[in-house]
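User: Please walk me through this structure. Keep the answers brisk and end each on the value or name I ask for.

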Amino acid sequence: MPSVTRDGVTIDYAVDGDPDGPTVLLLEGLGYGRWMWRWLAEALADDYEVLRPDNRGTGDSDVPEGPYTAAGMAADAAAVLDDRGADAVHVCGASMGGMIAQELALADDRVASLTLLCTSPGGDDAAPTPPAVQEHIFSAPEDADPRERIRYLMEPAVSDGFYEREPELVDRIVDWRLAGDATPTGREAQAAAVAAFDASDRLDDLSLPTLVLHGTADRVLPVENADLLAELLPHAEVELFEGGPHLFFIEERERVNDRIRTFLGEVA
């Protein structure tokens with residue numbers, strides 16, 4: 001896999017799809033490795049060049065001392081674009097990745113469109129993660145083995161019954177997370193970036209087309225944040241997924257991927 005070094009930190013990234021097509025950059029959420037975009041990358045591969053970096057602290061990228069910032073991780077993403085020679089890019093980010101995407105769009109005029117999934121603009125008006133959910137996603141039982149720990153930490157991000165509906169997929173996700181997610185140090189440093197993020201008073205500077213997708217049953221970043229993004233972004237279109245959890249783009253991957261493909265087909 002290719003990599004690029006910025007300020008002494010090496011960022012590893014995957015390249016999928018058509019190198020002659022428009023470039024799409026996929027940015028993952030807090031603690032998650034680039035595996036989480038495997039379905040969307042496959043759906044886009046026929047028509048687009050797809051870049052999937054591991055955020056600092058994650059997977060094959062370096063794990064520098066934290067705390068990190070969303071702006072700093074956006075600069076890492078810009079270094080990936082520089083390394084790839086991209087002169088225009090369509091950016092898709094989920095959760096923390098959506099925060100990084102907002103910072104990248106504010107800092108880099110190569111960003112031609114935004115797709116923001118299950119994310120927030122930050123700031124005083126944003127709906128925060130409820131305290132009980134916050135505790136759950138960061139505090140697994142001490143006696144849990146590594147696989148049990150991942151399943152426990154992920155519970156608030158999926159819908160009730162998902163583990164029973166797709167047990168084989170859940171087992172594969174656990175494998176991918178064990179192999180490619182952030183280290184505990186990296187996850188803690190990324191969490192600091194999420195806690196400090198606030199783009200709410202800057203988003204009206206963005207005139208690019210934006211698609212906001214969010215599940216109505218998101219327990220991690222409540223759906224009210226989608227409406228707030230729509231208020232703050234001049235050209236945002238919002239589509240809600242009824243009953244969708246935080247990881248709705250995995251549970252409803254075919255529908256989500258089709259919607260993103262349609263949007264990119266309109267703007268790319």
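User: What share of the 268 residues of the protein counts as buried?

Analyst: This is a predicted model, where local features need pLDDT of at least 70, side-chain atom pairs count only at pLDDT 80 or more, and totals for chains, interfaces and linings use all residues. Residues are numbered from 1 along each chain as its sequence is written, and side-chain values use heavy atoms, with hydrogens and water left out. Buried means under 20% relative accessible area, exposed over 50%, partly exposed in between (1.4 Å probe, protein chains only). By that cut-off, the buried share of the 268 residues is 55%.

User: What radius of gyration does the protein have, against the value for a compact globule?

Analyst: The radius is taken over C-alpha atoms, and the globule rule is 2.2 Å times the number of residues to the power 0.38. For 268 residues the rule gives a value near 18 Å. The model agrees with it, at 17 Å.

User: How far apart are the end C-alpha atoms of helix 8?

Analyst: Helices (H or I, at least four residues) and strands (E, at least two) are DSSP runs, numbered from the N terminus. Helix 8 covers residues 184-196, which is 13 residues. The expected span is 1.5 Å times one less than the number of residues, so helix 8 should span 18 Å. The end atoms agree with that, at a separation of 19 Å.

User: Which helices do the buried residues of helix 8 pack against?

Analyst: The buried residues of helix 8 are G186, R187, A189, Q190, A191 and A193. Contact means heavy atoms within 4.5 Å. The partners are helix 2 (70-84), helix 3 (96-107), helix 4 (131-138) and helix 5 (146-154).

User: Are helix 5 and helix 7 roughly parallel or roughly perpendicular?

Analyst: Axes are lines fitted to C-alpha atoms, for helices over the stretch in contact, and angles run from 0 to 180 degrees between N-to-C directions. Helix 5 and helix 7 (residues 167-180) pack at about 105°, with axes 10 Å apart. Angles under 35 degrees count as roughly parallel, over 145 as roughly antiparallel, 65 to 115 as roughly perpendicular and the rest as oblique. The pair is therefore roughly perpendicular.

User: Is D76 buried or exposed?

Analyst: D76 sits in helix 2. Beyond its neighbours within four places in sequence, D76 contacts R6, I11 and R56. Its relative accessibility is 3%, so D76 counts as buried.

User: How far apart in space are T115 and V91?

Analyst: T115 belongs to strand 6 (residues 111-117). V91 is among the residues T115 touches. The two are 24 residues apart in sequence, and their C-alpha separation is 6.2 Å.
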